[in-house]
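This report goes through the fold of one protein chain and then turns to a few of its residues. Please keep the sequence and the model in view while reading.

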Amino acid sequence: TTSGNYGYSRKFRRELQKSGTTYQKILDQVSVTIAIELLYKTNKTVNQIAFEVGYNDVSNFRRAFKRY
């Protein structure tokens, strides 16, 4: 297993593909869902939330957020 596929199996990747998604898309969805909750329930800045949900670059977070 290579680090590029996060340690999940080929079967899992195929099942995700059949469902029309990828592991990265799922991670992005979870990150955005958590970010939305943090925006509503905390006084944290967008920058703080972006870093908290795993984005090192706020512009990448904003792009991901706008997609959803």
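Is Phe61 buried or exposed, judged by its relative accessible area? Phe61 is buried, because its relative accessible area is 3%, where buried means under 20%, exposed over 50% and partly exposed in between, with a 1.4 Å probe and protein chains only.

The model is a predicted one, in which local features need pLDDT of at least 70 and side-chain atom pairs count only at pLDDT 80 or more, while totals for chains, interfaces and linings use all residues. Residues are numbered from 1 along each chain as its sequence is written, and side-chain values use heavy atoms, with hydrogens and water left out.

**Overall fold**

The protein chain has four helices and zero strands, in the order α-α-α-α along the sequence; helices (H or I, at least four residues) and strands (E, at least two) are DSSP runs numbered from the N terminus. Of the 68 residues in the protein chain, 24% are buried. Among the contacts with a separation of 6 or more, 29% join residues 24 or more positions apart, a contact being heavy atoms within 4.5 Å. The accessible surface comes to about 5300 Å², and 51% of that surface belongs to carbon and sulfur atoms; such areas come from the Shrake-Rupley method with a 1.4 Å probe, and for residues only the protein chains shown count as cover.

The structure holds one aromatic pair. Tyr55 and Phe61 form this pair, which is edge-to-face at 5.4 Å centre to centre with 65° between the planes; rings of Phe, Tyr and Trp (its six-membered ring) pair if their centres lie within 6.5 Å, and planes under 30 degrees apart count as stacked, over 60 as edge-to-face and the rest as tilted. Tyr55 counts as buried because its relative accessibility is 13%. Leaving aside neighbours within four places in sequence, Ser31 is in contact with Val53 and Tyr55. Ser31 belongs to helix α2 (residues 23-41) and, at 12% relative accessibility, counts as buried.

Gln29 counts as partly exposed, because its relative accessibility is 39%. Ile26, likewise in helix α2, counts as partly exposed at 32% relative accessibility.
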